[in-house]
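Subject: Structure handover and notes

Dear colleague,

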Amino acid sequence: MSQPDDFGFTEEAALLKSSAQKFFSEHFTADKLHALVAADPSPDRAPTVQWDQALWQQMVDLGWSLLAVPEEQGGVGMPLVGVAGLVEELGKAGFPCPLLATLSASYVLAACGDAGHSALEDIAAGETATLALTNASGSWSPADTGVTASDGRLDGTAYFVQDAGKVSRLLVCARSQQGLDLYWVAANAPGLEVHQDAIVDLTRDQAHVVFKGVEAQWVGGAAESVMDAAFPAIWTLHAADMVGAGEWQLQTTVEYANQRQQFDHPLGFFQAVKHPLVNVMIAIDQAKSLVYNAACAVDCEPGKAAQAAHMAQASASDMAAFASSRSVQCHGGIGFTWECFVHLFFKRQKHSEMLWGDAAWHRARLAEILIDAAA
Amino acid sequence: MADEQSKDTPEQAAFRQKAKAWIADNQPAEPPVRLPLTPLEIMTEEQLAYLQAWQKAAYDAGLVGCDYPVEVGGGGMTDCQRVANEEMMRARTPYMPNVIGLGMAAPTVFYHGQEELKQRLLPRLFSGEDIWCQGFSEPGAGSDLASVQTFAERKGDKWVINGHKVWTSLAHFAEWMIILLRTDRSVKHDGLSYFVVPIRSALGKGVTVRPLIKITGETGFNEVIFEDLEVDDTFRLDELGKGWQVAMTTLLHERGAGELVTPRSGGMSNKSSHNTSAAALIKLARATARNGATAADDPLLRDRIMQQVIREAGMAGNQRRSRVTALQDNPMRLPLQNKLLMSEIAQDTAGLAMDIEGAASSLYLADPNAPDGGQWPMAYMNSFGFTIAAGTSEVQRNILGERVLGMAKSK
């Protein structure tokens with residue numbers, strides 16, 4: 001299948017993106033985010049799950065949580081390129097919610113075949129979900145899972161589970177005697193304990209989840225190949241989130257550089273400030289173009305999806321680090337304070353950078369495709 | 001790959017058919033001589049003759065100047081140059097020698113010249129019979145372009161020009177030059193006026209062209225000295241004192257962000273062409289022994305090669321995205337990055353190639369043991385031409401910061 005020159009970014013996709021932009025600018029600006037998540041600055045604060053559930057419910061009512069569920073299972077089955085546009089806006093707002101987690105789980109379930117259908121129908125009915133497949137050392141390879149399955153019961157611990165305190169379901173990768181399997185389990189199932197991690201990022205929650213003989217629904221085997229099929233979409237959306245957050249960092253910092261005066265000029269007059277911010281813009285644009293490249297590859301040319309998604313996430317992770325450091329540095333003294341909003345996105349980006357593989361990891365995988373496999 | 005054809009208007013579709021068929025039947029033969037990396041380094045009459053013949057043929061076939069009106073020698077079509085370019089790029093036809101004429105002089109003359117002047121100059125520009133050059137930079141006016149001092153003094157209905165232009169690519173072959181001149185020393189930007197002036201026909205009669213030797217050892221660009229060159233007032237583009245505004249038309253098109261699409265062709269597949277893409281780095285690394293294996297097994301080099309692959313893919317993605325209105329907030333944001341990205345990525349790719357080569361990167365063109373014929377050290381040195389010319393990378397960043405991000409103008 002060939003790729004359309006416009007990434008397949010249809011009017012419908014453009015409408016979704018612009019309505020998401022409108023939704024967040026009306027309901028959830030950075031000051032609201034700060035009021036919601038940054039009330040307690042103490043570095044010793046106990047981990048909490050802070051989010052606006054009423055606003056999230058509006059997003060569910062708009063159908064955003066079931067965009068990635070195929071139509072056959074009651075979802076929208078929107079092409080990834082359109083979903084990426086929404087997630088870019090979500091990243092720009094930094095809105096704490098289980099959208100990215102639920103979309104990610106949907107792609108994994110959709111790759112499970114028939115066994116994944118009932119779980120997808122749950123998502124179509126408004127359930128939310130997150131992936132639990134990472135071990136204590138933070139390996140992104142599903143084969144390294146620390147959870148085992150026996151007779152439909154799960155034991156062990158999954159780490160670095162994103163938005164675990166907001167979801168109603170978990171999609172767990174577990175090793176069984178047959179191999180590597182995927183299980184669908186309610187977040188409040190008996191024997192399942194969600195232990196919130198104390199994390200830097202205020203816009204997410206993260207937990208390690210302990211399973212003690214938890215009864216779970218088998219939704220698919222051969223989890224490695226299932227995850228291989230789903231990862232490109234997950235990486236792409238994750239990169240789209242970083243692109244959106246990067247754009248917030250750029251615009252906010254540029255606005256400050258235009259307004260703050262020193263040495264009788266606005267900061268942006270000085271090339272020592274202007275040029276790094278231009279470099280941030282260039283990094284964002286590269287990552288953004290690669291996100292839509294990757295989304296289009298997932299939609300139209302699956303054979304190229306993995307390499308395109310590695311490019312998108314490697315690019316977005318490096319950009320996230322760079323945009324974050326410049327956003328604080330160019331805000332000067334105020335940027336170093338809790339009251340200035342830049343720390344919210346700084347922390348979100350530092351968290352995102354490492355999720356699902358950092359930039360060097362993605363480049364190493366890309367090299368395996370382009371140098372070794374092509375040799 | 002990108003499916004441009006599905007979006008064609010009926011006019012474009014018919015034109016594409018015609019263009020495709022003509023190119024298939026008229027792909028030029030292998031060049032008789034080694035061609036330089038870009039038209040700006042054309043050194044010999046033999047190289048020029050081969051490329052001029054190609055441009056003339058392409059023009060006669062209607063592939064050059066497609067969107068300009070028929071009266072000025074164009075094709076009178078709507079948005080068909082893009083189609084012609086796609087087909088020529090696809091077929092990897094040779095590049096066109098009159099690159100400054102097509103990319104900068106033609107749109108500038110078209111938007112700012114008198115009708116009679118356009119009809120006289122543009123047809124031979126499109127056909128490549130008249131090569132054009134650009135007289136902007138001076139010894140004292142590089143990045144600060146508005147400080148040019150070459151002066152035109154009014155003498156009846158004539159102008160008398162005195163001064164010194166530098167870094168003038170193709171001046172040694174040029175019939176004409178677009179030139180930014182000072183007509184008033186009392187004001188800076190408003191004291192500039194824009195002209196076209198004859199070069200070849202005025203050699204020894206007020207014009208001297210002297211080659212400058214580049215860092216690579218090649219010639220290809222020049223300094224041009226004007227001593228009492230007399231030109232007619234009809235050679236002036238737009239009003240007196242409007243030179244800066246006219247120059248912006250030139251620069252906008254030079255940076256690929258102008259209204260009129262520049263005819264583009266290129267990417268020959270024959271042995272004389274160079275491949276300086278990131279993909280070539282992979283090939284080079286595989287062929288280079290390092291630490292008992294190849295450079296392609298070295299984790300640091302692998303990472304750096306992938307960084308270049310990603311930057312290149314990102315640039316191509318930008319070009320693709322710049323055609324999707326819904327995926328950009330500011331229409332100038334991506335086009336104004338083009339030149340900066342292209343030149344810096346090429347520079348870093350060539351620099352990385354030298355790191356991959358290691359000790360062998362010391363070997364230059366004439367050394368039989370030089371990997372890839374010594375093209376990488378050459379490409380690396382040459383790359384600075386692109387990060388300096390047409391507005392240095394530093395000036396490009398000023399432009400992006402000011403025009404796209406709205407930051408205060410830097411001094």
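Predicted model: local features only at pLDDT ≥ 70, side-chain atom pairs only at ≥ 80, totals over all residues.

Helix α9 of chain A runs over residues 305-330, and its 26 residues reach 36 Å from the first C-alpha to the last, which is close to the 38 Å expected at 1.5 Å a residue. Of those 26 residues, 22 are buried, so α9(A) is largely enclosed by the rest of the structure. Just after this helix, A:Gly332 takes a positive phi of about 60°.

On annotations, the unreviewed UniProt entry gives "domain: Acyl-CoA dehydrogenase/oxidase C-terminal" for residues 237-369 of chain A. In the model, that stretch of chain A is 80% helix and 3% strand, with its end C-alpha atoms 21 Å apart. For chain B, UniProt lists "domain: Acyl-CoA oxidase/dehydrogenase middle", again from an unreviewed entry, at residues 133-228.

Turning to how the chains meet, 39 residues of chain A are in contact with 35 residues of chain B. On the side of chain A that touches chain B, the elements giving two or more residues are α1 (11-27), α7 (223-259), β10 (265-266), α8 (271-300), α9 and α12 (359-373). The largest share of that side, 13 residues, comes from α8(A). Sorted by class, the side of chain A that touches chain B holds 22 nonpolar, 11 polar and 6 charged residues.

Leaving aside residues up to four places away in sequence, A:Val291 touches A:Ala84, A:Thr236, A:Ala239, A:Ala240, A:Val243, A:Ala312 and A:Ala316. As general background, nonpolar side chains tend to be buried together in soluble globular proteins.

A:Phe7, in the segment before α1 of chain A, has a positive phi of about 65° although it is not a glycine. With 32 C-beta neighbours inside 10 Å, A:Phe7 counts as buried, because the cut-off for that class is 20 or more. B:Leu170, which sits in the loop between β3 (158-165) and β4 (176-182) of chain B, likewise is not a glycine and has a positive phi of about 65°. B:Leu170 has 25 C-beta neighbours inside 10 Å and therefore counts as buried.

Finally, B:Arg333 lies in the loop between α8 (299-321) and α9 (338-357) of chain B, and with 19 other C-beta atoms within 10 Å it is partly exposed. Not counting residues up to four places away in sequence, B:Arg333 touches B:Gln328 and B:Val404. The C-alpha atoms of B:Arg333 and B:Gly406 are separated by 11 Å, while the two residues are 73 residues apart along the chain.

With best wishes

Key. Residues numbered from 1 in each chain as written. Chains lettered and ligands numbered in written order. Helix = DSSP H or I, 4+ residues; strand = E, 2+ residues; numbered from the N terminus. Expected span 1.5 Å × (residues − 1). Buried ≥ 20, exposed ≤ 12 C-beta atoms within 10 Å, placed from the backbone. UniProt positions renumbered as here; feature names shortened; annotations may be inferred. Contact = placed C-beta atoms within 7 Å. Nonpolar A, V, L, I, M, F, W, Y, C, P; charged D, E, K, R; others polar.
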